[in-house]
Amino acid sequence: MGFYRKKPVVIEAFRWTGGPDQEEDPVWFLEAMMDGRVFFGVSSGSTSEKERVGMFINTRGGLHEASPGDWIIKGVEGELYPCKDSVFTATYDPVPE
């Protein structure tokens, strides 16, 4: 037993707006859509009166739904997963290109 610090790693990510203002999606995200790891469907939070399209990501831990405003992260092994903005901004700093 002991204390451990997370190694600093650089990840790729983009913020999903869920709307027409989404300017550009990274190639790795488009590839994930083409191979079925990412797909769109009726959000679990929708009602019969107002159905909303949600983004779903197949992850190692199962199916996760991304909400507009979430960050979509490509991990160190190419895995994709959504991350809430509050967690993302507390965990990650921008890296100059």
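In the predicted model, residues 24 or more positions apart contribute 34% of those contacts in the protein chain that have a separation of 6 or more. The chain comprises two helices and six strands, arranged along the sequence in the order β-α-β-β-β-β-β-α. The C-alpha trace extends over about 50 × 35 × 25 Å along its principal axes.

Of the 97 residues in the protein chain, 28% are classified as buried. The accessible surface amounts to about 7400 Å², and carbon and sulfur atoms make up 55% of this area. With regard to charge, the protein chain carries 10 positive and 16 negative side chains, and a distance of 8 Å separates the centres of the two sets.

Across the whole structure, six aromatic pairs were identified. One of these involves F39 and F56, whose ring centres lie 5.5 Å apart; because the planes meet at 20 degrees, below the 30 degrees cut-off, the pair is assigned as stacked. F39 belongs to strand β2 (residues 38-42) and F56 to strand β3 (residues 53-59), so this pair ties together parts of the chain that are 17 residues apart in sequence. Elsewhere among the aromatic residues, F14, W28 and F29 are joined into a cluster through ring pairs.

How values were computed
Residues are numbered from 1 along each chain as its sequence is written. This is a predicted model: local features need pLDDT of at least 70, side-chain atom pairs count only at pLDDT 80 or more; totals for chains, interfaces and linings use all residues. Side-chain values use heavy atoms; hydrogens and water are left out. Helices (H or I, at least four residues) and strands (E, at least two) are DSSP runs, numbered from the N terminus. Buried means under 20% relative accessible area, exposed over 50%, partly exposed in between (1.4 Å probe, protein chains only). Contact means heavy atoms within 4.5 Å. Accessible areas come from the Shrake-Rupley method with a 1.4 Å probe; for residues, only the protein chains shown count as cover. Lys and Arg count as positive and Asp and Glu as negative; His and the chain ends are not counted. The place of a charge is taken as NZ of Lys, CZ of Arg, CG of Asp or CD of Glu. Rings of Phe, Tyr and Trp (its six-membered ring) pair if their centres lie within 6.5 Å; planes under 30 degrees apart count as stacked, over 60 as edge-to-face and the rest as tilted.
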